Amino acid sequence: MKDLHKNKYTPGSKSFESIRESLRMKLVKGKAAKWICGLLMIPAAMLITSTGNQEDRKYTPDPDPDKELASFNIAEGFEISLFASEPMVVKPIQMNWDADGRLWVVSSESYPHVKTGEEANDKIYVLEDTDGDGKADKSTIFADGLLTPTGILPGDGGVYVANSTEILFLQDTDGDGKADKRTKVLTGFGTADTHHLIHTFRWGPDGDFYFNQSIYIYSHVETPAGVKRLEGGGVWQLKPKTLDLSVYAKGLVNPWGLQFNKWGASFLTDGAGGEGINYGFPGATFVTAPGAERIIRGLNPGQPKHSGLEMISGRHLPESWEGSVITNDFRANRINRFMLEEQGSGYVSKQMEDLLWTKNVAFRPVDISLGPDGAIYIADWYNPIIQHGEVDFHDPRRDHTNGRIWKITAKNRPLVKVPKLEKADLNTLLESLKAPEDWTRLQAKQVLKNRGAKDVVPALEKWMASLDKNNKDYYHNLLEALWVYQSLNTVNEKLLLSLLNSNNHNARAAALRVLDAWSDKVPNVPSLLAKAVVDPHARVRLEGVIALRKLNSPEAAKMALAVLDFQQDEFIDFALWQTMRELEPQWINRLKQEPAFLGDARKTVYALKSVNDAEAVSRLVEFYKNGQVPEEYQKDVMNSVAKGGDAKALNVLFDIAVNARQNTALELSTLEDAAKQRKIKPDVNLDRIAAFATHENDAIAASALRLMGYWGMENQSNKIVGLIQKGDKNIKKAGLNALALMNSDASKKLIAGMTEPKNAPELRLLAIGQLASFDADAAAASGIKLLQSLPADTDPSEFFQAFIGNRKALGVLADALKENKIPEDIAKTGRMIVQRQLPWYRHNDDDVKNLKTALEASGGVMPKVTMKQDLHPQEISDLASRIKSTADAAKGELVYRKAELSCITCHAIGGAGGLIGPDLSSIGTSSPVETIIKSVIDPTFSIKEGYELQRVVKKDGSEMMGYLVSDGISEIIIRDVTGHETAVAKSQVDKIENIPGSLMPPGLTAGLDQKEFIDLIGFLSKLGESGDFRVPNVRFVRRWETVGSDRALIGKLKTEGLGHLVKANVKLPAMPIYSKVAGDLPMDELPVIEVSANKKYSVVKFDIEVISSGNVNFVTNLPAGVTAWAGQKQIKTNGNQITTELSQGMHHVTLVIDRAVNKDGAISVQIPDGAGNTGQTRLVMGK
Amino acid sequence: MRKIRKLTVPGYIALLYFLCSFSMAQTNNFELKNNDRVVFLGNSIFENETYFGYLELALTTRWPDRNVTFRNIGWTGDNVFGEARSYFTNPPTSYDLLMEQITNAKPTVVFIAYGGIEAQNGEAGKARFKDGLNKLIDKINSLGAQTILVSPIPLLTRTDSDNISKQNTQLVHYSAEIAKVASERGKLFVDILNPMKEINERVTVSENGIHLNETGYYFLANILEKGLGLPARAAEVAISVKNNVAEGPVPVTVASTGKTFDGLSFSLRNKMLPLPLPEGLSTPAENRQAFKISGLKKGIYSLKAGNDIIAVANAEDWAKGVDITGGLSFQKARQLRQMILKKSDIFFQQYRPLNRTYIVGFRKYEQGRHQEGLENMNILITWLETQINSQRTPETQDYQLIQVK
């Protein structure tokens, strides 16, 4: 389609000249002028665009490419050279090679935002090395006048370009090297964030065109087959010829990397995620996908954020690199490598040594690609600033003029001769399908696609016939042929069948995708798929389960469930769950008529627990009642009941709880969830719950008490009061909670009664906390009285927390405190709680200010501000330079770890730590020091994607504030200020609203002295840089619990020995603790349990999830003095090696360190990948 | 000695094309008034107009004496509930945003072209569509603006398949539904589906089968004008020459030396600026603007508009009528179109800005200062609109017919 592009005008037309002239006369007042596409000129004076801050120009390093080159550190055996730099190429964003080996680079100088009055004039560069010296010597601007283009893909006789809201196809029809024909291929892609625009254009091995978009992009694309929508991140799949467009995978925050391996399996990286390499397949759904009830995880949790992705292939790079992928840690200015290994239906990804690293903060590797010569090419966007929001769009430190393409080669290994494929004869092209280089095969297929079926098919037949059946690559060669057929849109059933029946599982899995694409063109698809889901290899079964969706029949669901007869893993489980959901309309009715239609109880339960349907839940509880729910499904089944069970289903569950008494805790908490989330309760003989209120298991008793509250069982009130009086703190809380939930006059009166002075102070404090939720005045009055007479060692925190958690109560308390003084120490505690626990956006509210004033009047002043918080720009700038020259980052790390700053409570490093704020692993390499200072003193200064604060208003009028962790079809999950996650049924949600601001309270660092502050920021600004402040590539245990010492414990250890520590149902005084960035846990931060003079211990515990059973090997840094248990079983240690066989599931590992042997230093535990580890494991991260 | 004879035609006005005979009798008396604000609301049918500008050009040139401004808030993939305007956060919901965009456009006249996307839902979606359409009309009524309902376009592929004919049947049904709503609510309805189907059979109006190309928008402008009951743009100026005396609708001067005929000259002012043709297209009958000069002696004659030769033909062809596609009016119309396109582009960047998240969205506390930049676009838009207003009036053009052979 030849169209008139919006930006295309006929220059030189007289009237435009005159318009321009007249504008010049009217508007320009001696200022530098900017042109609007040769038509209009807007004077700078007329359109004042904000220019942002001017500080710290020093942050910008010397842009000389030689200086940058000299700053690189590269892995042993490799060398790096400059392939091209400005002015031959500037601001590269994506690059791809054409069939003749020319490098196409899309560039944006206007990124991130065009100034008003200016016209973007972004360009496409074509780079060539015409003299073969390994350096580009020719650069052609193929097209200009583009608006923030972010993706490029040569092919089909032209080049596809992402141009903000549209995909363009540009062609050079007259051979002058410049585009002269512009076609809009698709339009309607979202543009709400320029760093999320459609990007990462790729040819798939199947000849389809794949591309990605990111979280803020909401796209609605009109295609001949109807409108296609993708809201949020994901991967699109397009057949350019027919404009057949579909969503291949969904989610990820900023999936700025996509690549296929030689067998067609796909992998993704996320520029704002934290799980390294992600394994993608059709329908794969990752974090942040709107409407997703379930997601799959990345292969490297706790890893940095990545841009770009390339598979290693070919003859140039070392053989040992085969099977690895390379990707850019663009924040930390380095290039990572991961080794992929097949495991089950997916892959394991193990991080290897970095390929490249530098301290030059402007090195921003945004794309990575293997060239036709087999070398590694890196697009270096060259910019000290990468963020969007926190640094002004037009900040002068943003670089708009530089850019480099680097080339990495392996030393002493020859490069591959660059094949010229565009004009190659058919035979050469077909032989190229055998090339070891992925690039060559991909390009050969592209060229073959464009030659057309008529010419290619006969030659292809001949070529296939000539292949040596005994060659190890025979099936791969055939697969390439199959892909050629697929891209030619020509069905070859015989070939497809021979691959489906081959003895190579990779070939079978890949052929299933082709079968899926041809499912309406080949016969016997159901029987082929029935065979696939019982294939000996898990990945073939996975593809079979996915392909069955298209059959759209009840039988397809039944067939898919056959996969349950084999070992499960998370990918198969996800795919099967999704298949069951997609096919639900097909099988659900059939199951009603034929209860055994889907097979045995296990399969039927699996199907039923996959869907959200009241009818399905009522069947599930029947299965549960009959003991037919396999243990591994019990939690899921209970979750289904909580989310979707009606009163009838809950009656059955309640009966089971009363009669069977096996899984009581789980069953009661399910009943609680149903009541809490949906206000649904059983309706038969509820009194039976009372018997559980005195259960010996605290959790069951507390749950029963709360249920009495949810169910409004006022006839039990007296019993509850009795239990409150004599029970421990948990029981007291649960009982009071129950009375509050009843929400009747009588129950309120009972609570009020317990606030009276005749009761013990502990109970009064708790009761006042409850009272505050419905009678704030009375609560405040009696609360203040209580505080005035509180025994010295009583902690008043819960009192204040109860009041500040409720807007009305907070105001009432403030007023009451104005009239009445409370003891100074208590007021100080209260003031600190207000400061620390109210999120940022509340601190300027009048009621909060009043409360602060009132507390201060009682002497509750904040510790003296030793570190000024309201810094003006010059002070920030001065501080920044002092930090750069004098900060001691090692000391800063200790400040960071101080409990009173609560950094660790809210932020993780390397995945371990709080999840309330973003992971800080590479904050130092992604943010200028000034930005870090500003973010610490004013937490709202910049908010990371995914940390947008949400206000959820429920239909009953109650509100919640926090981050949206998941937004599913039937429920949302909100993480609140304490890190606690709550599920809310969507049916209960009235609205969800984004509100500006951060949960991080301001002034956290006010109590530091300036040196401490400098060290802290110094530490933060080093995070991600090479050395001790970069999360290492090896997997260290980072999230621990340690056990405090108390008299009772010492007593038990004396009598029972260390075995007591791992006994079931033993409550230990445990507290969370986290490794330092480098992975070690300082010994002096661990409590010492002194059993006797020569028996001193420290205890640390950690959790590990075993994904597939096998041997797991832990390596500590301590050669002696460590005793280890997995669960209750002691593990033999062999020096610093601890090896044990673990089954699938979660395991708790306990290590007892003999402090007589290991007095000081630190402990670290790592789990080396490979090296005797046959089990696949994942360390539990987070808080 | 040169003898000049002048023949004066009654009604001495520098006028104007005679209206063609096929201008239809219409019941709709659609017109745009001074200071009207026209808003285009719908899916890609209107969004893509911003690449071509023909609809806006047609309505701008139609009333050269009136100051009319336009806002195009068409959105690819959109439906009557504004679903394509969705975004990461809400509120505002995509529907709120749709309402806000309609209000902010300050319309007096709104063309609504929805239904093309909704028709993909088939019969099942019709009731909901109708409901949504009525709500839009309520909204527009509440703003005191006039609504004109426009049908969807058909699928424009020429190949036939079950799926295509199924889709086309649904589009017909939805079009009928829109017509029904129009008559229930007393609104104008313009059917573009049937006329476009007809044109698609003889001209390539789409490259991908679903969106109109430049030619498509050229024809769509014609269809819309016709559907609004506006007289066709086609016109013919007939001049007859006899014995060195010329007769026509305007004064025509014959240059002659004695008995020889040297040429004609006359001045004309178009009633309105024409729609310049897309490249490679010949003027369709309904837009044909022709000079028919009869009575010329055998030979080849060229027509000059000002200093430019805009047509060359032999006497026979001149007698049949020669298409006029050049001259001041066409030049002006082309410039006008470029300015319309530029203005639409700037408005597009203003009302759905790149980086919306950081400027007006929920992270505006980060880059909200750039709202100023968006507001400043009003300066550009207003300036361009002033230019458009001063460029939309036709000017008198001097023509000279000279015998070249």
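Trainee: Are B:K343 and B:E56 buried or exposed?

Mentor: Both B:K343 and B:E56 are buried, where buried means under 20% relative accessible area, exposed over 50% and partly exposed in between (1.4 Å probe, protein chains only). Keep in mind that this is a predicted model: local features need pLDDT of at least 70 and side-chain atom pairs count only at pLDDT 80 or more, while totals for chains, interfaces and linings use all residues. Residues are numbered from 1 along each chain as its sequence is written, chains are lettered from A and ligands numbered from 1 in the order in which they are written, and side-chain values use heavy atoms, with hydrogens and water left out.

Trainee: Okay, what do the side chains of B:K343 and B:E56 do?

Mentor: They meet in a salt bridge, 2.6 Å from N to O. A salt bridge here is a side-chain nitrogen of Lys or Arg within 4 Å of a carboxyl oxygen of Asp or Glu. B:K343 is in helix α10 (residues 328-351) of chain B and B:E56 in helix α3 (residues 54-62) of chain B, so the pair ties together parts 287 residues apart in sequence. Helices (H or I, at least four residues) and strands (E, at least two) are DSSP runs, numbered from the N terminus.

Trainee: How many salt bridges are there over all chains?

Mentor: The search of the whole structure finds 78. Another one joins the side chains of B:K320 and B:D317, at 3.9 Å from N to O. Those two both lie in helix α9 (residues 315-320) of chain B, 3 residues apart, about one turn of the helix.

Trainee: Why is B:K320 called exposed?

Mentor: Because its relative accessible area is 57%. B:D317 is partly exposed, at 32%.

Trainee: Switching to the greasy side: which residues touch the most other members of the largest nonpolar core?

Mentor: A:F281, A:W587 and A:I689, out of 186 residues in that core. A nonpolar core is a set of buried Ala, Val, Leu, Ile, Met, Phe, Trp, Tyr and Cys residues joined through side-chain atoms within 4.5 Å. Apart from it lies another core, of 99 residues, including B:V39 and B:Y51.

Trainee: And where does A:A693 lie?

Mentor: A:A693 is in the loop between α18 (664-678) and α19 (698-710) of chain A. With 3% relative accessibility, A:A693 counts as buried. Beyond its neighbours within four places in sequence, A:A693 is in contact (heavy atoms within 4.5 Å) with residues including A:A704 and A:M708.
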